[in-house]
Amino acid sequence: MKNLLDLDAAGLAGFLAGLGEKPFRARQVLRWVHQRREGEFGRMSDLGKGLRDKLGAAACVEAPRIVGDTRAEDGTRKWLLKVDGANAVEAVFIPEARRGTLCISSQAGCVLDCAFCSTGKQGFNRNLSTAEIIGQLWLASRLVESRISNVVMMGMGEPLLNLDNVIPALRLMLDDNAYGLSRRRVTVSTAGVIPGMDRLRDECPVALAVSLHAPNDALRDKLVPLNRRYPLHDLLAACRRYLEKAPRDFITFEYVMLKGVNDNDSHARELAAMAREVRCKYNLIPFNPFPRSGFERSPDERIRRFASVLQNAGVTVTTRKTRGDDIAAACGQLAGDVADRTRRTQGRIALKELRA
């Protein structure tokens with residue numbers, strides 16, 4: 001059975017052609033599945049009975065199974081989604097006055113092991129399929145009352161190590177017959193996988209956020225081990241290349257604020273110098289503690305001072321409001337359930353293949 005959530009418009013057209021159907025049927029089915037979030041072919045009333053029967057025999061619409069649904073005091077909602085017998089991932093919806101943002105996952109676990117991230121500490125199990133990625137949006141769209149206006153791929157995993165499945169999911173988010181989101185309102189976050197940045201730029205450019213977290217190679221090597229492979233000089237060059245096709249005229253640099261580690265004025269001045277090399281804005285993220293992390297959140301006054309140093313240098317900077325930390329739904333806290341929290345072999349293979 002073919003899961004139709006696995007197929008973007010081109011893939012669905014090809015699948016239906018194999019069933020002897022004309023291309024326009026793909027648009028109809030896309031609208032039923034993604035705009036109306038319908039999973040039962042028998043209820044797709046403007047499809048002929050013959051096509052409904054064919055789909056019933058050859059296809060399904062199957063999203064991850066919800067095994068946990070929690071709400072924070074601030075209205076943030078987190079789902080634990082079972083993707084197979086051994087793995088679950090998490091998705092988070094953040095309601096705000098003018099928008100609703102869904103944060104989704106791209107992998108079960110993460111290979112990158114950034115020092116301050118609880119998700120990375122669980123290890124890596126596998127990539128998510130396109131159906132498992134877009135299925136998070138499909139489910140959330142059915143369950144929340146407010147409109148999902150923004151999607152950020154900032155949940156579990158490194159999206160640019162799973163582009164074969166991420167790109168079709170992004171295309172569905174952008175497709176007017178599916179979710180119809182603007183490229184500016186879909187954001188992919190990366191720790192700096194340069195080959196993946198170049199591929200995303202060429203195949204499906206959306207807004208890009210780079211998890212920076214340090215202003216120099218010596219510190220970033222410790223906080224973001226990927227930097228040893230793709231150092232800052234190369235990363236900034238990749239950012240400039242990405243901007244040639246990006247829907248926004250800047251890169252967002254995410255910067256988690258760690259007390260006594262990366263939060264002094266000299267670090268801010270280094271970041272200001274970096275902003276002269278690539279058009280960017282900085283998003284300062286108060287660290288969200290988790291057990292045995294070894295880090296503390298920078299005090300509020302230190303964060304304000306850090307931001308003022310950047311602002312006085314003419315740099316655009318925002319400070320992220322912490323949301324959902326009472327249900328472990330805040331940035332860096334997603335961990336999910338996995339059977340084995342030590343395996344990174346598959347992820348290392350993915351890194352090597354992407355580099356090649």
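**Charges, strands and cysteines in a predicted model**

Reader: Where is Asp175 found?

Author: The model discussed here is predicted. Helix 6 covers residues 163-174 and strand 10 covers residues 186-190. Asp175 is found in the loop between helix 6 and strand 10.

Reader: Which side chain of opposite charge is nearest to Asp175, and how far away is that side chain?

Author: Asp175 is buried yet has no salt bridge. Not counting residues up to four places away in sequence, Asp175 touches Ala9, Leu30 and Gly180. A salt bridge requires a side-chain nitrogen of Lys or Arg within 4 Å of a carboxyl oxygen of Asp or Glu. The nearest side chain of opposite charge is Arg31, at 7.7 Å.

Reader: How many salt bridges does the structure hold?

Author: One of them is formed by the side chains of Asp8 and Arg171. Another is formed by the side chains of Glu21 and Arg25, where Glu21 is buried and so is Arg25. For the structure, the number of salt bridges is 21.

Reader: What is the N to O distance in the salt bridge of Asp8 and Arg171?

Author: Asp8 is buried, with a relative accessible area of 11%, while Arg171 is partly exposed at 34%. The side chains of Asp8 and Arg171 meet in a salt bridge with an N to O distance of 3.9 Å.

Reader: How many residues apart are Asp8 and Arg171, and which parts of the chain do they link?

Author: Asp8 lies in the loop between strand 1 (2-3) and helix 1 (9-18). Arg171 belongs to helix 6, so the pair links distant parts of the chain, 163 residues apart.

Reader: Why are Arg199 and Glu203 separated by about one helical turn?

Author: The closest N and O atoms of the salt bridge between Arg199 and Glu203 are 3.0 Å apart. Arg199 is partly exposed, with a relative accessible area of 27%, and Glu203 is partly exposed with 37%. The separation is about one helical turn because Arg199 and Glu203 are four residues apart in helix 7 (residues 194-203).

Reader: Which residues stand opposite Val152 in strand 6 and strand 10?

Author: Strand 6 (residues 100-103) and strand 9 run parallel and are joined by three bridges. Three bridges also join strand 9 to strand 10, again in parallel. Cys103 stands opposite Val152, and in strand 10 the bridge partner of Val152 is Thr187.

Reader: What is the handedness of the β-α-β crossover from strand 9 to strand 10?

Author: From strand 9, the chain crosses through helix 6 to strand 10. This β-α-β crossover is right-handed.

Reader: How many disulfides does the structure hold?

Author: Cys103 is buried at a relative accessible area of 12%, and Cys114 is buried with a value of 12%. The closest cysteine sulfur to that of Cys114 is in Cys117, 6.4 Å away, which is too far for a bond. The number of disulfides in the structure is zero.

Reader: What is the phi of Asp113?

Author: Most residues other than glycine have a negative phi. Asp113 lies in the loop between strand 7 (107-109) and helix 4 (118-121), and counts as partly exposed at 28% relative accessibility. Although Asp113 is not a glycine, its phi is positive, at about 55°.

Reader: What is the phi of Arg37?

Author: Arg37 lies in the loop between helix 2 (24-35) and helix 3 (49-58). Arg37 is not a glycine, yet has a positive phi of about 50°.

Reader: How far apart in space are Lys2 and Glu62?

Author: Lys2 lies in strand 1 and is partly exposed, with a relative accessible area of 35%. Leaving aside neighbours within four places in sequence, Lys2 is in contact with Leu7, Phe15, Ala58, Ala59 and Cys60. Lys2 and Glu62 are 60 residues apart in sequence, and their C-alpha to C-alpha distance is 9.5 Å.

How values were computed:
Residues numbered from 1 in each chain as written. Predicted model: local features only at pLDDT ≥ 70, side-chain atom pairs only at ≥ 80, totals over all residues. Heavy atoms only, no water. Helix = DSSP H or I, 4+ residues; strand = E, 2+ residues; numbered from the N terminus. Buried < 20%, exposed > 50% of the residue type's maximum accessible area, 1.4 Å probe, protein only. Lys, Arg positive; Asp, Glu negative; His and termini not counted. Contact = heavy atoms within 4.5 Å. Disulfide = S-S within 2.5 Å. Pairing = 2+ DSSP bridges. Right-handed = clockwise from strand over helix to strand, strands pointing away.
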